Every structure is written in C-alpha cells, then in structure tokens.
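Open the model in your viewer and keep the selection tool ready.

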Amino acid sequence: MRAEQTSWNFDRASVTSALRAVGAGGSAVLLYEGAPQTGKTWVLDEVLRLAANAGFATTGISAADEPDAEVVVCGEPAAVAVDDVHRASPALARRLRTAVTGGQPMLWVLSRESGVGCPDVERLCRAVRAHGGARAELVPWSEDETARYLADRLRASPDPALIRLVGTADGNPALLDVLVDGLSQEDFVEVKNGRARLVRPGLPDRVLSSVRERLLRSSREQLVRDAITELTGGALPAEDRVRRTREPQETVRRATKAWYSGDLARGLRIAQRALSESRRLADEDATADVEIAVAVLLADASRFDRCDEVLAAVQQRMSRTGRTGWEHQWSAAKAHCLMKAGRLSDAVGVVNGRAVTELSPPELAVLALAALRDGDIAKSARYVHRCKLAGGRPAEYDWVALQLAEAQYGPEHAVSLATETYGTDLRLRELLGHEPAVAPFLVRVALRCGDRSTARWVCRLIGDLADGDFPAFRAAETHAHGLFRQDADLLSQARRCYPDSWSRARVVEDVADLACDAAGAGRGPRVRMRTASALQEALSLYSEAAAARDFARVRSRLRSVGVYDTYARFSGRSGAVFGDLTDQQEHIVRLVADGLTNQQIADQTFITSHTVNFHLRRIFRKIGVNSRVELAAMYKSWASSSLPRSG
C-alpha cells in the first residue's frame, strides 16, 4: 500500500489484494493514519463498500462509542472497520489488538489520527505493523484532486477565481465540503452553459461558522474562547441551544439534498453524520425530526434493520418523555419504511385509524398505491389528488400518478406525463431517488410506444445511481436494462435481486412477455409453455402481494393462452366483502359504486363487457337488488360503516 495517499485517490489495489487474501482463508489489516479532516472516515466507508461488492459481510463501528462487546459479524468472509481508533480506551485498544492479531479469516480496517492516542493504542498500531498489516498516511488533496472535486460537485467547469478560492482550503476534505456547500447554497456561484463562475466576494456564512466552531473546540482557555467569540460577533455554540439543535437539522437537509440529487453514497454518509450529531442531543425533543428524516433515507437505501432501530428509539423516547408531537411524522416514516420493504398491507395498517384529512402526503401516497394494487383506480386517483392539495412534493406521489396514467389512458399518456414533469436529468434523478422502480416502469411503457430514446435515457440515469451498495437501485437497473435489451437472463437476475413479491411478479411477467413475443414469432409450443409457466408464477406472486388488479390482469392473460385451471388463488382482501361474492364480483361491485359503465369496468378488470353484464346479473340475484342504482346505494351504505379507511 502506498505510504502516502489522499482520500480522493487512495490505493484501491491494496484493498483488493487484502480482500483476496481473506477470501482465500487468510487475514488482513489495513491501517489509515492522518491529520484531522483528511478523509479517514470516507476511506473506511469506501473500503467497506468494496468489501460488500466482493460478497463480504461488513460492519462499521467507532471507537469513540466505546463498544462494550466483541464485534460479531454474521457470514463469511467478513470485513470490520473501526473509526477513530485514537479515541479508544485502553481496554478497547487491548481487545482490538487481540482481535486483529488473532489470525481469524477477517479484514480489519482501522483509522487513527496520527500520533494521538493512549499507550495501548500505540501498542495496537505497532502490533498491526509487526503482523504484516498495511499502513498508509492520508494527506490533504492535491490541487488537481481539489479541482476535479469542485467540477464534480458543481457539475460544471470552474473558472480560475473559483479554483483559487477553493485552493485556500489546502486540500482539507472537510473544509472543502463546507466551502462548496456554502458557495452553492448561498448563491456565491453562477452555473451557466457548463461553466461555474464566482459572482460574490467574501466567504459563505457556513464557512465562517464552521471555522469559528473548530477554533472554539480546539481552545481550552476561556480567555481565548471569549476573544474568538467577540472577534466573530456570535455566541458560543456550546451554550447556544438553538444553534446546537440546528446543526443536525442542517446536516440532514444536506443529506436529503445529496441523496435526491443522485449522490446516494454521500447522502447516506451525511445522514449517518446527522444521526450522530442528534444523538449528542438525544434528550432534546427538537432532534426527533432529524432522526425521522434519517430513517426515511435509510429506508430508501434499503437499510431496513437500521431504519427500524432509529424509529424504535424515537418511539421509546416519545413514550418515556410523554412528548407525542412527532407521532404523525413517525407514523409517516414507519409506513414509508414498510412500503419500501414490500410490506404494503402493514404500511396501510400503520396509516389506518386516522381521518384522511389528518394524513400527510407520504401517508396518502401509501394509501394511493394500496388502492391502485387493490384495483380501485378512482380511490387511488382521489388519494393522489389529496397529496397535491396537501402540498406534497411531486416525487412523493408521482410513482403512483404515472401508474394511474397508464391504467387510465395508456402507455403514451404515462410517457408524456413523465417527460413533461421530469424532462431533465436532475428532476428524474429526484424521482428515482424516491422510487427506483420507476426506471423499469418507464422503460417498459416507453418501449411499448416505440420511444427507445426515452428508454435509453432512463437506463443511463438508473445506471449512474446503481453504482454502490444500494440493492433496490441495483435491482431496478438490472430490470430496466433487461427490458431495454430484451434479455431474459438479466430479467432473471433482477428477479433474484428484488426482496418483495410484487416486484418479483412484475419481472416474471416481463419474462412472460419476452416468451410470448418469441411464441408469436413462430418458435413453437415449447415457448408457449414457458409463457404460461411464467404467468402462473407471476399469478402466485401477485396473490402473495395481495395485488388484486395485477392478479386479475395475469389471470386474464392466462385464459387468453388457454390456461383456465390456475393453481394460484387470490389470498388478499381486495376491498369490501359484500355478501357471498367472488373476488371478481367484489371488484365489479366497487366499480359500479364508483359510477363506471360496463365498458369501463371491462377495461379495468381485463374482461369483456358481456362478461361484466353476466356477472352483474348473478350479483343482483345474490344481493337481492334489481338495478345498478340500488346495488351502488346498498354498497355505499355498507362501506361507510364497515370499511377501515375512507377517501
């Protein structure tokens, strides 16, 4: 490993070599030392990302948290990163020395501030070197690395004045991060025609505040602290409660902005930093919103266990203190987490019990998606409309809105809505950050319209986002490219990547489409059998997901290829159980109550209008009514007193 590196250009080849050694049954240790703010934590995160990509089980801890138990990693091979080793207690340093020199098949990655730590930390570092561990000194970024970072962050070529300004940070990654954030968000920079130009003199307030706090933290003498405070004209941050609580709130805003602008890895790192900052103020109710916002990002990143831990901690604190001011926000985040994990019915259970007028846009979006899966198009559309009236961000509910557009008006309308609303890379990245499953959906509808340029554009963007340890994005990328290339192997790979039944069913249905196209090209009965087999599997998965509308569509497709005796039966409750009706009859009754004609019902249930009329005659006899008006009135009366949710 190179003796000196930067966090921008650290030696990945040595990491790969260490991973190979552990994979072959050996052990390896990587030690990164350096001055404060040289990117040690970032390097540890990057090593863990490389290890995860290589199939390692990974975990990361901070010595500052003083873990009181040995690190346990499930699965082999494994990689463990320990940050801030210089802050370890003597007891922890001794335990780490025993662990890293024990010869277990594991990769240990340590970071430490150069020359700092108790004597046991020094013994630990000497033991690492004595046992063949690789050591590197992290140094500030070079001028070229700083310029490249600036160009990447601004997505434009910086002018000389801007390069000179960021050069004054002397390659300090933490200062550069604060400086570029301040320049961007406080309108010091104008980006036009691919060029970034400095338009205001001076330094952003964020930089001044960061430098002042760093000086205050490093100065122990009260006289020096008072002088710094008087010179900078502000109160001491350590004594200013409002300023302290604002720090994690500002950090989580930066995390959210980074995530939804497409920088997923950076957004997740900043979110974890916000969580650490908020924990220092865990006795203050003002930080609950930070932890809830971090939980939402963790769910978007498929870190569901971690998301549950954060939400459980907030709930326990609310119960302990009796402060329930964040209960509704907690409910929305919990429903979002469950929905992302593919547990839509559980998400609806969290939301139910409150009046629709009290629900937030994310909660309404959950109900809109549930109604769409349930086959109640009108109710889903009403929930989406309520999202708009409640001031929700379009990206929160447009995943449902796009599916509604296709269901109501066809794929052309869905493509038109997507390109009009999300016609730029920046806006589509935001939507994909909220829901990566939008990518295969848009590719599918675009290809149906013959619009390969839109499909190619979506594939490019989801490919950019999938570069990291984000399973949902990787599955969506594989799915989208499988559709675009008409590649059954890629689709099969996507099926294995998706964790939930509905997403797997959608991929399997796409596999059936490919087989159906092949059968239509005259490739014989064996291909038609594969089509029917894939549709049978999709039907079963849709039944598991309680997706009544999708179940009805696939059952109709099976009948069109001559399969009537399907082994799958719908297991979800598709809405109101009205007498002794079949699933399909229940669905038709709801649509009649919504005022749809026979032809409109036929379009939504994937049957003919004659079949709708046949079912209605049988329903009339079962219920004991003589007209559609009477049936609709009776159903609405029953539903108003029996349904668990309204809208």
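Start with two helices: helix 14 passes helix 16 in a left-handed crossing. Left-handed means that the near helix is turned anticlockwise from the far one by less than a right angle. Helices (H or I, at least four residues) and strands (E, at least two) are DSSP runs, numbered from the N terminus.

This is a predicted model: local features need pLDDT of at least 70, side-chain atom pairs count only at pLDDT 80 or more, and totals for chains, interfaces and linings use all residues. Residues are numbered from 1 along each chain as its sequence is written, and side-chain values use heavy atoms, without hydrogens and water.

Select residues 327-340 and 361-374.

Next, show side chains. From helix 14, His328, Ser331, Ala332, Ala335 and Met339 meet Pro362, Glu363, Val366 and Leu369 of helix 16. Contact means heavy atoms within 4.5 Å.

Move to the sheet. Its 3 strands form an open sheet in the order 7-9-8, with mixed pairing. Strands pair if DSSP finds at least two bridges between them. Select proline 158: its bridge partner in strand 9 is alanine 196.

Last stop: aspartate 187, in the loop between helix 7 (173-185) and strand 8. Its phi is near 60°, a positive value in a residue other than glycine. Is aspartate 187 buried or exposed? Aspartate 187 is exposed, with a relative accessible area of 53%. Buried means under 20%, exposed over 50%, partly exposed in between (1.4 Å probe, protein chains only).
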